[in-house]
Amino acid sequence: MARRKSLISELFAFVREHKAYWIAPIILLLLLVGVLVLISSSKAAPFIYTLF
């Protein structure tokens with residue numbers, strides 16, 4: 001877990017230092033897709049499909 005935390009903090013430091021704010025929407029989109037994949041693989045999938 002400590003490795004993952006350092007990776008996330010390093011990513012945010014990179015975005016701030018290089019003024020690469022265009023990366024933030026890409027990261028958020030990838031996180032959203034990851035969450036949807038995790039949800040769709042569970043028993044709640046039929047309820048998620050009705051939202052879309």
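Start your tour at Leu29, which sits in helix H2, the stretch covering residues 23–40. Keep in mind as you look around that this is a predicted model.

**Stop 1**

Is Leu29 buried or exposed? Leu29 counts as exposed, because its relative accessibility is 53% and the cut-off for exposed is over 50%.

**Stop 2: the whole chain**

Zoom out and switch to a cartoon view. The protein chain shows three helices and zero strands, and reading from the N terminus the order of elements is α-α-α. There are 52 residues in the protein chain, and 10% of them count as buried.

**Stop 3: the largest pocket**

Which residues line the largest pocket? Select Ile8, Leu11, Phe12, Val15, Ala24, Ile27, Leu28 and Leu31 to see the lining. Helix H1 (2–18) and H2 are the elements that each contribute two or more residues to it. Colour your selection by residue class, and you will find eight nonpolar residues in the lining, with no polar and no charged ones. The space inside this pocket comes to about 160 Å³. Rolling a probe the size of a water molecule over the atoms is what shows where empty space is left.

**Stop 4**

Ile23 counts as buried because its relative accessibility is 16%, and buried means under 20%. Then draw a distance line from the C-alpha of Ile23 to the C-alpha of Phe12: the two lie 9.8 Å apart in space. Along the sequence, Ile23 and Phe12 are separated by eleven residues.

**Stop 5: the loop between H1 and H2**

For the last stop, select Lys19, located in the loop that runs between H1 and H2. What is the phi of Lys19? The angle is positive, about 50°, even though Lys19 is not a glycine. Most residues other than glycine have a negative phi. With a relative accessible area of 58%, Lys19 is also exposed.

Definitions and conventions: Residues numbered from 1 in each chain as written. Predicted model: local features only at pLDDT ≥ 70, side-chain atom pairs only at ≥ 80, totals over all residues. Heavy atoms only, no water. Helix = DSSP H or I, 4+ residues; strand = E, 2+ residues; numbered from the N terminus. Buried < 20%, exposed > 50% of the residue type's maximum accessible area, 1.4 Å probe, protein only. 1 Å grid on protein atoms, 1.4 Å probe; cavity = no way out; pocket = protein on both sides within 12 Å on 5 of 7 lines; lining within 4 Å. Points joined across faces, edges and corners; volume = space filled by probe spheres on them. Nonpolar A, V, L, I, M, F, W, Y, C, P; charged D, E, K, R; others polar.
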